[in-house]
Amino acid sequence: MVNSLHERPPTAAVGEAAIHESAALHVTGQALYTDDLGVRWQNLLHAWPCQVPQTHARVTRLDTAPALRVPGVVRVLSAADVPGENDSGVKHDEPLFPDEIMFHGQAVCWVLAETQEAARLGAEAILVECEPLPSILTLKEAIAAGSFQGSASTLRRGDVALGFTNTRHVFEGEFEFGGQEHFYLETNAALAQVDESGQVFIQSSTQHPTETQEITAHVLGLPSSHVTVQCLRMGGGFGGKEMQPHGYAAVAALGAVLTGRPVRVRLNRTQDLTLTGKRHPFHAVWKVGFGAGGKLTALQATLTSDGGWSLDLSEPVLARALCHIDNAYSIPHVEVLGRVAKTNKTSQTAFRGFGGPQGMLVIEDILGRCAPLLGLEAHELRRRNFYQPHDATPYGQPVRHAERLGQLWDTLKQTSDFEARRAEIQAFNASQRHKKRGLAITPVKFGISFNFTSYNQAGALVHVYKDGSVLINHGGTEMGQGLHTKMIQVAATALGVPMACVRLAPTRTDKVPNTSATAASSGADLNGGAIKDACDQIGRRLAEVAAGSLVSRSVKVGSLGIHPDDVRFQGGRVFPVGHPELGMDFREVVHDAYHLRTPLWAAGYYRTPGLHWDRVAMQGEPFKYFAYGASVSEVEVCGFTGASILRRVDILHDVGDSLSPLIDLGQIEGGFVQGAGWLTLEDLRWDVSEGPGRGRLATQSASTYKLPSFSEMPEVFNVAFLEGAAETGVVYGSKAVGEPPFMLAMSVREALREACAAFGAGGQAQILASPATPEAVYWALEEARAAARAAGTQDGAGPRAQ
């Protein structure tokens, strides 16, 4: 058997281009999600929130009696019904049933009824009176008012004062950019029931079943062992179901405990949009220094994230933003302050990249702005500042495999015909007045592991049955990303059996306890390591049986007569190394092992080694490794409307030695498109007026919130994996692929910047808002035109000034 974590046997299920394990179920509509399971339960009650249309107010009266007079209404859940702690957050700052409204549409109570319509009518009948309080909505309002929450953090290296003294060019700027709605296909849902022994069982659409279990337990005043949470699958999560589902599961469980009937919570789209958190918007003020040849010398910045009304995960999101403000670039002197603003909006939460995209966007925007002022092409400025071997990050972690940045960059420029296309675009732009094209290349360096070191562990349970079939269970959750598919491939490889022999059971807290969230792109690394550990334990026992080193007086074993270390498991056969013709069927070995009273199950465990992190000092080695990538994007912009077309995208990404190439390809393509949505389309808007609608989310549906669709897909989309990049110390040499591709989309924004600048005379800092919507692009290119006119330069990008 191959016992090294990263080494692969010559023939393995990992690396096969396997389809998603639920693909057929997805496309035929047979895949079941949390809400689908409720129809199987009798006497099911439906829950509906009573949302208060105030942005910040104290509840002075809550009269639920009118709701109880609505036919079909059974009960109204409020703070008085909570036997444990009335809180749904890990920071104890999120009342489940609040007496102070902290954002527009916050739920103060929940109605339980025989039908969803009855519950809705009951919620409408509830009388809520409030005393309005002052509200803060924007980051600038929060900064002016000093409205912050949690702990501020500062990332430091070197001496920025010295860095700015010994430099040739110093630039300063400000940058504010928006959040993003998760808009997963399946909204938040939970089903709860109580059995005859009082055990609470919850089906939840959650990325973190253990935390859902813990929050529900403390709301109910029960130990965690009395609550079981199962996640069958999710219809998307993207981080939005890491923390947010806990309260909905607790509501369902509380209702089930109090009524003795199963309870269903399923948010409709408007409720999900108005009740749940989003990606954190950020505001940055920065000062940067460049030395000879455009080398970065110093960066001083203040990052302020909009945490919304409670902390949620805002502190670790901010920490990861600080740890990624360098992206792929070596900066000798760094001082970056990070702080979390408190506003009267939904509690912003995890989203793919977890603060990494926000940190990277700041440095990429700085380089994109400053390159013309330095007389350099943006791609050349980026290349000159790459990390080199033996460099370390500002927080003290060595940048392992830093040479891959240059390798990726140079290879991608060649395979994408970057230089030839630049010349073609220059010729095109010179011949066109009303449309311009832009071409940009950007890198990604993204750290893989949880910033919170304790989360970097996982467990698994593997059963081998007497007929040779295998059942695996692990702590990770499936949200469409293909984690379960990869885990089946890992188990099949470790045991040397066909994938068809392996079945995966739903994620449950009574099978694998104390699980970490499926987040931080670590699902395959952690759970794959745990599954391999369990399979290796079983494999070693089976190898002893197959080699004849176990003897039973009552059973004659079909022995291979060799040392257990020389037994190989491959393709459902067990044989001596070098002699597959002498092998036995895997099922025969399992049969013999059972009769020799050999354990055919194992609990596996994995912890990521070598991690350490001082959260206060912002120093240490929080990441197991870095995932690298680069992308080239070409856009065409209309000078009349600012509308753009994404003409071509080329990506070269480091996935290590891929566990499942089709799955990884889908993650890269999907992550890139979602990133392009954040940067160019998705514009969250709140009513910031002083009128009665202040604080209301204005983008409450797909009709007002623009999502990427097929029409935004690039006309040419080339994706390739970096070859020869196996990662030692990680399951079968693979690398995480969930989050890093999201940041590849920054090349789209930088290409738009190049296209906007082409409407002017060049040599000017081109400012571009984020998201770079058609409106924002139009005003950016108008600014370029105006600058050209002011300089007396021929304006070939639009109508001549009269």
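Student: How many salt bridges does a search of the whole structure find?
Tutor: A search across the whole structure finds 49 salt bridges, and please keep in mind that this is a predicted model.

Student: OK, pick one for me: what does arginine 266 form a salt bridge with?
Tutor: Arginine 266 pairs with aspartate 35, and the closest N and O atoms of the two are 3.7 Å apart. Side chains of opposite charge can pair when their charged atoms come close.

Student: And where in the chain do those two sit?
Tutor: The pair links distant parts of the chain, since arginine 266 belongs to strand E12 (residues 263–266), while aspartate 35 lies in the loop between helix H1 (23–28) and strand E1 (45–51), 231 residues apart.

Student: Switching to domains, how is the chain divided?
Tutor: There is domain 1 (23–31 + 457–607), then domain 2 (34–134 + 182–275), and finally domain 3 (282–451 + 617–790).

Student: How far apart are the C-alpha centres of domain 1 and domain 2, and how many residues does the contact take from each?
Tutor: The C-alpha centres of domain 1 and domain 2 lie 39 Å apart, and the contact takes 19 residues from domain 1 and 20 residues from domain 2.

Student: What area is buried there, and which three residues of domain 1 supply more than any other three?
Tutor: About 1,500 Å² is buried between domain 1 and domain 2, with carbon and sulfur atoms giving 51% of that area. On the domain 1 side, Met479, Arg508 and Thr509 supply 34% of the area buried against domain 2, more than any other three residues.

Student: What's the salt bridge count between domain 1 and domain 2?
Tutor: Between domain 1 and domain 2 the count is zero salt bridges.

Student: Now helices: how do H17 and H18 pack?
Tutor: Helix H17 (residues 661–680) packs with helix H18 (residues 746–757) at an angle of about 40 degrees, and their axes are 8 Å apart. H17 and H18 are therefore oblique to each other.

Student: Which residues meet there?
Tutor: From H17 come Phe672, Ala676, Leu679 and Thr680, which meet Met746, Ser747, Val748, Arg749 and Leu752 of H18. By class, this contact of H17 with H18 has six nonpolar, two polar and one charged residues.

Methods: Residues numbered from 1 in each chain as written. Predicted model: local features only at pLDDT ≥ 70, side-chain atom pairs only at ≥ 80, totals over all residues. Heavy atoms only, no water. Axes fitted to C-alpha atoms, helices over the stretch in contact; angles between N-to-C directions. Helix = DSSP H or I, 4+ residues; strand = E, 2+ residues; numbered from the N terminus. Parallel < 35°, antiparallel > 145°, perpendicular 65-115°, else oblique. Contact = heavy atoms within 4.5 Å. Nonpolar A, V, L, I, M, F, W, Y, C, P; charged D, E, K, R; others polar. Domains from an automatic or database assignment. Buried area = accessible area lost by both parts, 1.4 Å probe. Salt bridge = Lys/Arg side-chain N within 4 Å of Asp/Glu carboxyl O.
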